[in-house]
Amino acid sequence: MLRFLATRAAVLLPTLLVIITLSFFLMRVAPGGPFDADAQLEPEILENLRAAYDLDRPLVEQYGIYLSRLARGDLGPSISNKDYTVSELIAIGLPVSLELGLTALLIATLLGLPLGIVAAAHQNRWLDHTIGTLAMAGIAVPSLITAPLLTLVFGVMLKVLPVAGWGDGAWENKILPLTALALPQLAVIARLSRGAFLDVRRQNFIRAARARGLPEWRVVLVHALPPTLVPLVSYLAPAVAGVMTGSIVIEQIFGLPGVGRYFVQGALSRDYPLVMGVVIVYATAVLLMNLLADLAYAALDPRIRRGLLAGATT
Amino acid sequence: MTPEGQALVEAAAGLRGESLWRAALGRFSANRAAMAGVLLLVAITAFAFVAPLLSPHDMEANDWERIQIAPTTEQSHWFGTDANGRDLFVRVAAGARVSLAIGLITTLVSVVIGVLYGAIAGYAGGRTDQVMMRIVDVLYALPLFFAIIILVTVFGRNIFLVFLAIGAVEWLTIARIVRGQTLAAKQTEYVEAARSLGAPASRVVLRHIVPNVVGPVIVFSTLLVPTVILVESFLSFLGLGVQEPQTSWGLLISQGTASLDSAPWLLVIPAAFLAATMFAFNFIGDGLRDALDPRDES
């Protein structure tokens with residue numbers, strides 16, 4: 001197990017390095033620079049500014065400087081937010097984005113899994129069809145639509161919830177963004193768990209459990225639930241990516257001070273260090289989630305666990 | 001030939017074999033949700049092209065007398081006007097053309113790249129396959145949406161580059177699917193037969209393998225079109241995609257969100273069109289999956 005973990009972790013760093021290199025050079029090849037917006041700069045001032053951010057040096061040298069700073073945990077200064085370093089901005093934004101994303105995923109799982117199992121238990125009856133239709137709606141209608149519509153109904157028409165803003169993390173401000181973020185994930189999870197549960201129910205070990213006369217709740221919760229979770233876990237990694245992309249738009253719509261907003265702002269103003277910093281944080285998150293998903297897989301399915309061990313020892 | 005044999009031959013002559021594709025088509029057209037999806041999509045496409053002919057307004061013309069008016073029959077502003085007095089009916093149609101075009105062209109780009117890449121990797125096998133798929137793995141770890149935003153920033157906010165940027169990222173899954181299918185197809189007799197007849201690798205891949213692995217790709221592409229439309233909407237919403245005076249559903253929704261309390265129809269109408277399109281493609285995709293893969297009973 002440890003060996004397996006070690007090999008997976010060893011692949012993680014080179015992957016991250018490739019991502020960093022790709023994003024670094026892609027951004028710099030682009031025409032335009034971070035000081036285009038400040039129109040009438042004197043050439044000397046522009047030179048000094050560029051020198052201050054090492055932008056006057058050859059590209060490869062800049063890359064070297066960036067990597068050596070990064071190795072020391074320094075993401076550099078933000079160009080568009082003059083008084084902040086990128087690390088400081090991420091430290092402000094990340095807790096907000098993480099809280100939103102993880103809470104949304106948790107809600108989606110806690111509601112989606114039971115819904116999927118209920119649908120499966122009533123296969124092809126009206127409850128199943130209702131849940132199926134709702135799930136389809138959840139998948140088809142993006143947060144881009146649900147978020148403004150939720151605001152319109154609850155914020156503007158009913159006036160029961162704030163239209164936008166973070167309100168220093170007051171719960172009223174979180175309800176609408178969380179709902180918009182969780183709905184599509186909830187729908188996917190409900191669908192996945194319905195399919196997985198139907199598959200599991202046909203297996204011989206479930207028949208065996210029933211044959212031993214176990215009560216239905218025990219068959220479902222103790223015997224059928226763990227293998228139902230396996231495909232869900234493999235969905236978890238892409239779900240994190242989905243929630244993160246979703247949160248960029250959600251943060252924009254509701255004006256929340258998360259990392260996604262800095263990313264968009266950074267991309268628009270060519271704030272190279274800021275964009276790089278956010279990409280690194282997100283890529284690391286996705287890679288770590290993939291690793292976690294592999295581990296959880298092993299924990300849930302003894303066959304996979306044995307396969308991994310066998311693979312790691314040979 | 002015996003009389004019985006003769007009769008059998010005559011009976012067989014009256015029968016026509018049903019190809020797998022024909023059978024799939026039969027199953028598809030029996031699926032009511034999928035057919036509803038097709039109808040909806042045809043209607044939206046027709047609207048996109050016919051609406052400008054029906055309406056007397058130009059999408060960029062400002063009606064300063066009627067700014068932000070609600071949907072009305074007056075002056076044929078059937079969907080109302082926006083903050084600049086422009087007619088929403090023709091703008092939604094213009095947005096539909098852009099969004100649908102981006103969805104279809106980008107999907108086509110991804111499918112071509114993904115199918116060729118996956119088929120070559122799978123057919124070549126060995127080290128070539130390893131290297132090619134490792135590249136895909138690394139690109140996969142790059143958060144997709146971020147990659148697109150970086151690409152769009154790099155290449156400027158040109159609408160055709162939006163196509164390319166999204167397509168350049170979305171081919172990865174197709175490459176994976178096709179590679180897996182190719183690995184399986186490589187073991188089949190028809191590929192062996194083609195090879196033993198001396199067909200060059202390019203011919204084996206293009207003529208024998210690709211047509212046989214295309215089923216799952218069709219299903220995936222149908223679901224890719226709405227994904228791409230959505231990515232474009234997200235980009236335009238953030239101000240990184242389609243730029244004024246051109247428009248797309250994402251841009252219209254973004255502008256509608258800005259005037260949500262004073263003019264909700266500017267949000268609701270484009271949102272309804274986008275949602276309807278998403279539904280249509282999802283229903284069609286589901287229907288195709290069931291039709292092409294009848295094993296799956298759930």
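Reply: A:D56 sits in the loop between α2 (43–52) and α3 (59–71) of chain A; helices are DSSP runs (H or I, at least four residues), numbered from the N terminus. The model is predicted, so local features need pLDDT of at least 70 and side-chain atom pairs pLDDT 80 or more, while totals for chains, interfaces and linings use all residues. Residues count from 1 along each chain as written, chains are lettered from A in the order written, and side-chain values use heavy atoms, without hydrogens or water.

A:D56 is partly exposed because its relative accessibility is 42% (buried is under 20%, exposed over 50%, partly exposed in between, with a 1.4 Å probe and protein chains only).

Now the rings. Over all chains there are 12 aromatic pairs (ring centres within 6.5 Å; planes under 30 degrees apart are stacked, over 60 edge-to-face, the rest tilted). B:F47 and B:F89 are edge-to-face, at 5.3 Å centre to centre and 85° between the planes. B:F47 belongs to helix α3 (residues 32–54) of chain B and B:F89 to helix α4 (residues 88–124) of chain B, so their pair ties together parts 42 residues apart in sequence. B:F47 is buried because its relative accessibility is 15%. B:F47, B:F79, B:F89, B:W249 and B:F273 make up one aromatic cluster.

Note on methods:
Helix = DSSP H or I, 4+ residues; strand = E, 2+ residues; numbered from the N terminus. Phe/Tyr/Trp six-rings, centres within 6.5 Å; stacked < 30°, edge-to-face > 60°.
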